[in-house]
Amino acid sequence: MDFFGKPCPVCSRTFREEDDVVVCPKCGAPYHRECFQEKGKCVFPDLHRNHQSWQEMQNDAAEPASEEENGTVCPRCGTSNPDHAIVCKNCGAFLAKGIGSDDTQRDSGAYSAPENGMPPFGKGMPITMFMDPLGGVSPEEDFDGVSGSELAEYVQNNTSYYLPVFLQYKKQKRRRFNFCAFLFVGGWYLYRKQYVKGALLSLLYLINELTVLLCTVFVSTPLIKEANAAFSNGYRPNISDYLMWGINHKSFGEVVLLFLPYILYILFLVIRIVCGLRANSSYYKHSVDAVKKIKAASSEEVSDLKSTIANSGGVNRPIAWVCLVCYLILSFASFFI
């Protein structure tokens, strides 16, 4: 069978005569040898279960689509999609229409559809990701009862990032780490109008920072100076030295206060990591629920409904500036005490 000119199911690069091609013994799907070794198995388990061949799937995908489905065939699952679609309606794979030939994409470092079918992030992002405010997601995509266009109206800022992230979470329940939420914790939630979570996290951050600051200035630093005086000149004590010194010369409560700033920093670092991991999924649920409530309570025309959604969503810039100033003050407060 002649595979030359057809795309590899893993890397999407077209096969050339000089390529080392291997074929799945069950369905006949071709791969570059290094691609097959990387996966360790065929990526078409559905064909194996249905006793179908890769060639049959290619023939089905090559059949002319009906007028209703006249558009692009998904390179991953073979589903025909409407002409306006940018992602596959079945598996969510990015269709990357109009970006160029396979050779041009490979040579220029442009996008090739990954196995998980999700729009990429970082190097190799297609041009349409920057041109499309929905980040390659179809406006008609259903997000648990909310369309992609309605969700974009609510998010407003940075929709080209959040819509693909939401699609990835909806399709595969995979979370993408949010570094803004990791760095600013409650401030990010307040900025994105998740006021309850944002207020609780901000209060927790404030209590943690003030406790660390006061404990460091008035307890830990004097104890560390006292411990340093007990060691020989030129000796640099480590944490275990401070711990043994505290156990031998101080009460249990003073030992806890000596290490309390470090303990609190570690605990809040864990909170930051959890926020970074859960921020996008939390914002997805918050946005979908907010749009659903607006639609349920509204009897307005479509244009007025979109305006209502836009006014309710978006971001709160003033509160973001206030949080940023507060964070800076707390970060440098130890220099002024």
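Two rings of Phe, Tyr or Trp form a pair if their centres lie within 6.5 Å; for Trp, the six-membered ring is used. In this predicted model, the count by that rule is 14 aromatic pairs.

**Aromatic cluster**

Ring pairs join Phe-143, Tyr-161, Tyr-162, Phe-166, Tyr-169, Trp-188, Tyr-189, Tyr-283 and Tyr-284 into a cluster.

| Pair | Geometry | Centre to centre | Angle between planes |
|---|---|---|---|
| Trp-188 and Tyr-189 | edge-to-face | 5.0 Å | 90° |
| Trp-188 and Tyr-283 | edge-to-face | 5.9 Å | 75° |

Trp-188 sits in helix α9 (residues 186-191), while Tyr-283 belongs to helix α12 (residues 252-297), so their pair ties together parts 95 residues apart in sequence. Trp-188 has a relative accessible area of 5%. The value for Tyr-283 is 0%. Buried means under 20%, so Trp-188 counts as buried, and Tyr-283 does too. Tyr-189 is also buried.

Lys-170 lies over the face of the Phe-143 ring, 5.4 Å from the ring centre.

**Gly-276 in helix α12**

Helix α12 also holds Gly-276. Gly-276 is buried, at 0% relative accessibility. Which residues does Gly-276 contact, leaving aside neighbours within four places in sequence? They are Arg-176, Phe-177, Asn-178, Ala-181 and Phe-182. Arg-176 lies 100 residues from Gly-276 along the chain, and the C-alpha atoms of the two are separated by 8.4 Å.

Technical notes. Residues are numbered from 1 along each chain as its sequence is written. This is a predicted model: local features need pLDDT of at least 70, side-chain atom pairs count only at pLDDT 80 or more; totals for chains, interfaces and linings use all residues. Side-chain values use heavy atoms; hydrogens and water are left out. Rings of Phe, Tyr and Trp (its six-membered ring) pair if their centres lie within 6.5 Å; planes under 30 degrees apart count as stacked, over 60 as edge-to-face and the rest as tilted. Buried means under 20% relative accessible area, exposed over 50%, partly exposed in between (1.4 Å probe, protein chains only). Helices (H or I, at least four residues) and strands (E, at least two) are DSSP runs, numbered from the N terminus. A charge sits over a ring if NZ of Lys or CZ of Arg is within 6 Å of the ring centre and within 35 degrees of the ring normal. Contact means heavy atoms within 4.5 Å.
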